[in-house]
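Please open the model in your viewer and keep the sequence beside it.

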Amino acid sequence: MGIPGQEKLWDKEEKGHRTYNDVRIFTDDQLNNYTEEELKNFKNKHDIPMLEELEKGPWPSFVSDLKREALHRRKLGKDNLMIEQDVAEDLLGLMELSYKEGETHWKHGGIVGVLGYGGGVIGRYCDQQQKFPAIAHFHTVRVAQPGGKFYTTDYLRTFCDIAEYRGSGITNLHGSTGDMVILGTFTDQLEPIFFDLTHDLGVDLGGSGSNLRTPSDCIGPARCEFACYDTLDMCYNLTMTYQDELHRPAFPYKFKFKFDGCPNGCVASIARSDMAFIGTWKDDIRINQDAVQEYVANKIPRDGGGMSGKDWGKFDIQAEVIDLCPTKCMNWDGKKLTINNAECNRCMHCINTMPEALRIGKDTGVSILLGAKAPILEGAQMSVLTIPFAYAKNPYDNIKNGVISKIFDWWIEEGKNRERLGELIQRMGLKTLIEVLGIPAMPQMVKEPRSNPYVFFKEEEVPGGWTRDINDYRSRHPR
Amino acid sequence: MSKGKFGYYNPQKPQENRITDVGPVHYMQLLPPSLRKNYGQWVSHRVIEPGILMHVAESGDKVYSVRCGGARIMSAEHIREICDIADKFANGYVRWTTRNNVEFIVDSEQKAKDLKKELDNRKFVAGSHKFPVGGTGNCITNIVHTQGWIHCHTPATDASGPVKVVMDELFDYFKSMTLPAKLRISLACCLNMCGAVHCSDIAMLGYHRKPPAEDHEVLGKVCEIPLVVAACPLYAIKPITLEDGRKSVTVNKEKCMYCGNCYTMCMALPLADKEGDGVAILAGGKISNRINPPKFSKVIVPWLPNNMPRWPEVVSTIKKIVEVYAKEANKYERLGDWAERIGWERFFEKVGLEFSWHLLDDYRLAYDTFRTSTQFKYTDHAWAVSKAAGVI
């Protein structure tokens, strides 16, 4: 659990927890160093007329936000910042140039990082360094996000100080994979940032390159009644088990774990992770018949109230739930709702529609799906249902030993350079995958059985094998 | 407190006090106490009004979450303002959603409503909202996206800019819950799709249209030629020896599909080009298993120009699709479900999009997308075929 003895470092409910004031870099005066009036009159070092068009309209403007950061840095001054104070101003200037020219001005890669790690930092250099010297280097630091992306303000303020003092003060919350991202710093600040992160925040870098990418989870049992397993615990546990794989690239290509608590898939694991853990159950959907009656009587809004912005008419349980059930395993006789649970495929529609009347089962676990990826190279793939049900309980040894280690071994051995797991499965076949896992084939692995008959039989399946005697054949069939 | 150029780090003794492999901070210490108490004991939820969720626990406790949107690029100054709000209203706890929204969790409906008012009132000096409340239920929530020109070396379009202008136009859908089902929009600024937009109701995808330019002067020196050759999925790259004896590669322009995989391996094959680059629009995908399985998004517009700074062609195309969907789809029908029910030919007719030859798949497994049945609907597209063939 993190740094030994510091498991509750930031826990506000514990006495003696760390606070922002314990480790802050900037004083209150430094943080409140500009007025609204100064912000209104702020003029960026480079003219940015096109970007300023993006300050219009109601949606939050990143240009307005960057200008605020630019003014704040200008007022902090170079003595209070470890990289150039003009970073945000030069970044806006460079973006304006891209808006004029329609092309990016970031150079290709660059190998930088911290000692002993092969990932977590993405090198980035600008190709207009004379014009925009403050962003000549603009490396990204990926920081492992906490489960469910929950924060205390003490934690976030400390993160902000580090990101601003040693970097651009510009972040992504969050990167596509889930990390907290410090956007833009110089090479000489990478080690100091890493020391600040580990010593002050008690947090590590995330993944990049051909390694395990920072695993991510949905909000799960922290605040969702659909959570079929503890997504936060499993994500944390696996992240800690595979720290070496995360920091020291030894894989053919990137590998992603994602943890969805139910088939609604809020963290998109089925589309975005090489190994997706999606919560499910194997007993019965729990029905509160009284609450069903209240839905029918329009006393509870459908879909958790999420459709109340438009008048969709009176709730019609037959049309809206029973008839839309993909397996038609539900029945409503006007008084009682019944479900033939053996025929249910747990799509979540009835539960989503009537969350106060229907609940997931109690005997819960995960389905494990393998092989999703974006289009490069063989086209986009979603992950394949491979393990229909597994119990997911700490310490998850059944899954680590029964699935993960076998997959890692196979992929590291057989995978070609830059070949994702899903592409390896495509190249070598589901047939090979199930041999690797030591599991039988099941119809649940396919949408439908194959329509071509080109079955590659195994030699041992065919009596006599493949060694043929032409003379024996000709004894029955003269030429 | 770490001050000075190197802070805690001693460059003379880089291993001294180095801490490694500690992973993320454990989530439990960052959870609001009300969530710790009811962890795993949630019974149901309800969206009270746009942007406010109520969750009910076995204990009878109710917690209220107020959700607001934001740009994914956030300055330290902006995050500090979020912290100020969290300190004032939510005991110093705050979280982010998987779609870049921010959530504050409070213990009463009144506090939630007060907080919503406060958030909606905060604006940047130029006028845009800082923390617009919404993004719940059948809405268009925040767009997940990639880096674009602010930080990436391979983009065919910007990310933050197109997201801003599309959300400006769809703002009312973010703040309300009027759609037949959820509608999820995403943006990836190139085919690498670090934003994984391939299963979204509507996706913007940056797309190059010109093969890489060959920088022969440095290619042999800075790139591993066998890796570059192997990187091409269409076998369009071959090694060559230049007249002066230097090694390089050449790209068969006829075969290239501008995927940029070679550029990922080799900086001497850049693709970015003002005339070539633009945005493809995809539609009809989803992640959820609800009612029917997850689906891929389909390319419905092969290319629109990067018309900076506000991408009017992209915005108007997406707006049109959303408006027709909002009007025509049945309740619970995702955009792709609706298109499948009415038929893609009717979809193109209703949203007024051209169906050009670019939309006929010619990559691997293309035949699987061809219609092999007599079930179709008559639209102008169909009559145009019969007329052009001279058979009507």
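## Between two domains

Across the interface of domain 2 of chain A and domain 3 of chain A, the rule finds zero salt bridges, a salt bridge being a side-chain nitrogen of Lys or Arg within 4 Å of a carboxyl oxygen of Asp or Glu. Before going further, note that this is a predicted model, in which local features need pLDDT of at least 70 and side-chain atom pairs count only at pLDDT 80 or more, while totals for chains, interfaces and linings use all residues. Residues are numbered from 1 along each chain as its sequence is written, chains are lettered from A and ligands numbered from 1 in the order in which they are written, and side-chain values use heavy atoms, with hydrogens and water left out.

To make the selection, colour chain A as domain 1 (12-201), domain 2 (216-274 + 366-460) and domain 3 (286-359), bounds that come from an automatic or database domain assignment. The C-alpha centres of domain 2 and domain 3 of chain A lie 32 Å apart. Five residues of domain 2 of chain A are in contact with five residues of domain 3 of chain A, where contact means heavy atoms within 4.5 Å. The area buried between these two domains of chain A is about 420 Å², with 62% given by carbon and sulfur atoms; buried area is the accessible area (1.4 Å probe) that two parts lose on being put together, summed over both. Now select A:Phe226, A:Pro263 and A:Asn264, which lose the most area on the domain 2 side, together 79% of what that side buries.

## Two packed helices

Next select helix H5 (residues 62-76) and helix H6 (residues 87-101) of chain A, which pack at an angle of about 145 degrees with their axes 7 Å apart. The axes are lines fitted to C-alpha atoms, for helices over the stretch in contact, and angles run from 0 to 180 degrees between N-to-C directions. Helices (H or I, at least four residues) and strands (E, at least two) are DSSP runs, numbered from the N terminus. Show the side chains of the contact, which include A:Phe62, A:Leu66 and A:Arg73 of H5(A) and A:Leu91, A:Met95 and A:Tyr99 of H6(A).

Then move to A:Ala268, a residue other than glycine whose phi is positive, near 60 degrees; A:Ala268 lies in the loop between strand S7 (257-260) and helix H11 (269-272) of chain A.

## Where the chains meet

Finally, show both chains: 146 residues of chain B are in contact with 161 residues of chain A. The area buried between chain B and chain A is about 13400 Å², of which carbon and sulfur atoms give 58%. Select B:Arg80, B:Trp149 and B:His151, which supply 6% of the area that chain B buries against chain A, more than any other three residues. Between the two chains the count is 14 salt bridges, and one to display joins the side chains of B:Lys331 and A:Glu320 (3.0 Å, N to O).
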